[in-house]
Amino acid sequence: MHGGHGSDWGDGESGTSSGMFPYGAFEMFRKNDAIFSSVFGYFHQSRLARRLNLTVQGQAEVASVEYVSGDFFSGLGVPPAAGRLTIPDDDRAGAAPVAVVSYALAERRFGGADRAPGQEILVDNAPFKVTGVAPPGFFGVDPARAPDLYIPMHANPLLAAREYQDVNDYWIEIMGRLRPGVSRARAQATMAPQFHQWVANTAKTAGERAQLPELVLTAGKGGLSGLRRRYSKPLYVLLTLVGLILTIACANVANLLLARAASRRREIALRLSVGASRWRVVRQMLAESVLLAWLGGVAGVALAMWGIRFLTLLLAGGQSNFTLHAELNWHVLCMMAVLSLLSGVFFGLAPALQATRADVMPALKETRGGQGGARHSLWGGGMGRLLVIGQIALSLLMLVAAGLFVRTLSNLQSVDIGFSRENVLLFHLEASKAGHHSPEIAGFYGELRQRFGEIPGVRAASLSDESMVDGSWSIGIRVQGAQRDPQTRAMSVGPAFFEAMQIPIVAGRGIEERDRPGSPQVAVVSERFAKVNFGDRNPLGQRLIIEKGKTVARDMEIVGVSRDTHYGGLKQQISPVVFFPYDQGYPPPDDVVFELRTAGDPLAYVNAVREIVRRADARVPVADIRTQAAEIDRSINEERTLARLCLVFALVALTIASVGLYGTVAYNVARRTSELGIRMALGAQRGRLVWLVLREVLLLAGIGIAVSVPAALVASKLVESFLFGMKRNDPWALATAVATLLAAALMAAYLPARKASSIDPMVALRNE
């Protein structure tokens, strides 16, 4: 394997997995018609399949594309919403250029799916004819990508003949439909040896022969979802938290039912004494608990209808093309019904069994004050204590998780990024797709930069090859006479870039207007680069070289040193960075990101920017408009979503546990009214009575914390990959969780205890 143009992902079992194959392997699979009834391919997210300029009726925009084989749609069994979809005759050299558009694009740009077939469009200034529209809700085989256009592979002029002939260039992704009666195991057993033999014949060195890729066939019914790989672990964490909340709620209701059953001892004893069987009484009590569970389940479905939309908005993080849309279906409703039934049985069975286990005669002789055993314990039995301990332990687990995620989010938001994120407008232009080429394209971008700088309210305007957060470009750059450092990052920028981003220059100067084509080639380096490469020496005046292959493409003089910045994401370590003018040679500026520092809301300047670009060249669309602050927030959207949801879930769990603890304490204290009255009549102080109640609650809370802390330390390993700037056994998060839980438990127990201590002893004694 000499190169690859696609996506791969980590696999715990086999190391690295990918769906990329050479085109020759694709043809081999297609010839095996004894196993597959259809084999089709596609590719995207590579140097050949970037977002393209789409012009419809004279209006340009940026569109995402997926290049597909001729039988892509027929292999998937996807019918057209209008017109016809791609067929094998479209995917051949010399065929008329055609395209299939997504349903959303047809609605947005043509006014409906029925109007799209037959329309002429321009894709990167090349004419295409729309033959059909994909059905609504079809996002290709990977919903994470959601293409706007589907174009036959052979219609792509960037794919030269060598791309199809090179057996070591992995770029096409493949799916196949098995013939009826052929199992996946049989297909694996048949195709794996054939692929191994084929790929072994492509190896040219001993190293390549030692690392031959192996074929693994996987089920494709769920698609190849990058969204699933990205969000599966966070969603499993949230699912675990939801399960803990359900367990806490069940324990809570079980404890309340246990207390309620204790007050019905005489009623239950009477039923048993007149001939009712124990199983019949248990069934009655289970029916009551299952009814409560069903009512809770129905209320949960109503809440879920709002919660799904809220969760989707959180996960989208402001992305307009986010395709992950959960919905309530019969699978979810069936699971709700099963969980409601099991929850009702779970929290109702223990109280029902304990209530029907009482001796009939002693229970019939009880007074209204309650059974004697209740006077010695707040909870009236070991089951109640265990349920309270369990609630406290699970609540602490959730509070610790919330503390870890909130602390991670706080660490990310407090990272010193090295530049000012406020009042900066970012947008992307790719004039090369509209016919502009080097060296003219540099002048085109330069004229636009000057016009943007003349907009009233724009304090500084510049451009760069990538944004500070999304970029992480590495190029063959080194200090003259030294070896190249692979950690060094490069960024081509325009004049006033450091002013626009408010990156301080600590020595020398920045990139200025005088640094233009034909002038001496210059560069600005970061503090980290200067320290790594020059130590205590003065970097100003030193020479840097950019290599293109084995030749020197640029020979630059260092004219300035900038403050260190986070280039390429907040979680990454600060790397050595070299900044150089975008228009002084290699590499040419095909596409750029403009940075405009404004006096107010950056989005208020969008219309002015669009108008300037339209006047310069209407074929160039303004794409990916966002503020610098929004881009940074989007880069930590996963951490922010987890922190918010975990905090909400932890507070819900704490509230449920606190309300349950309050209700249980209040109920049992009310049953001990006569005992407390006797204590007060004999001279007990109110504070002592309050402490009598609080002492038992603190004892149970202490046991729950002692059980939960070791469990929290072990469970924190599961979320360690989500943390930033802290250890999984962070003492601050643990101490905050323990303090919060103790405060909530004391408050829940103090209120009914204080109320009980205020009772008149004479009134209490009359209850006996």
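Guide: Buried means under 20% relative accessible area, exposed means over 50%, and partly exposed lies in between, with a 1.4 Å probe and protein chains only. This is a predicted model in which local features need pLDDT of at least 70 and side-chain atom pairs count only at pLDDT 80 or more, while totals for chains, interfaces and linings use all residues. Residues are numbered from 1 along each chain as its sequence is written, and side-chain values use heavy atoms, with hydrogens and water left out.

Visitor: What is noted about the phi of Ala-496?

Guide: Phi of Ala-496 is positive, about 65°, although the residue is not a glycine.

Visitor: Why is Thr-627 called buried?

Guide: Thr-627 has a relative accessible area of 15%. The limit for buried is under 20%, so Thr-627 is buried.

Visitor: What makes Val-424 a contact of Thr-627?

Guide: Contact means heavy atoms within 4.5 Å. Thr-627 touches Val-424, Pro-602 and Leu-603, not counting residues up to four places away in sequence.

Visitor: Why is Asp-624 called partly exposed?

Guide: The relative accessible area of Asp-624 is 40%, which falls between 20% and 50%; Asp-624 is therefore partly exposed. Phi of Asp-624, a residue other than glycine, is also positive, near 50°.
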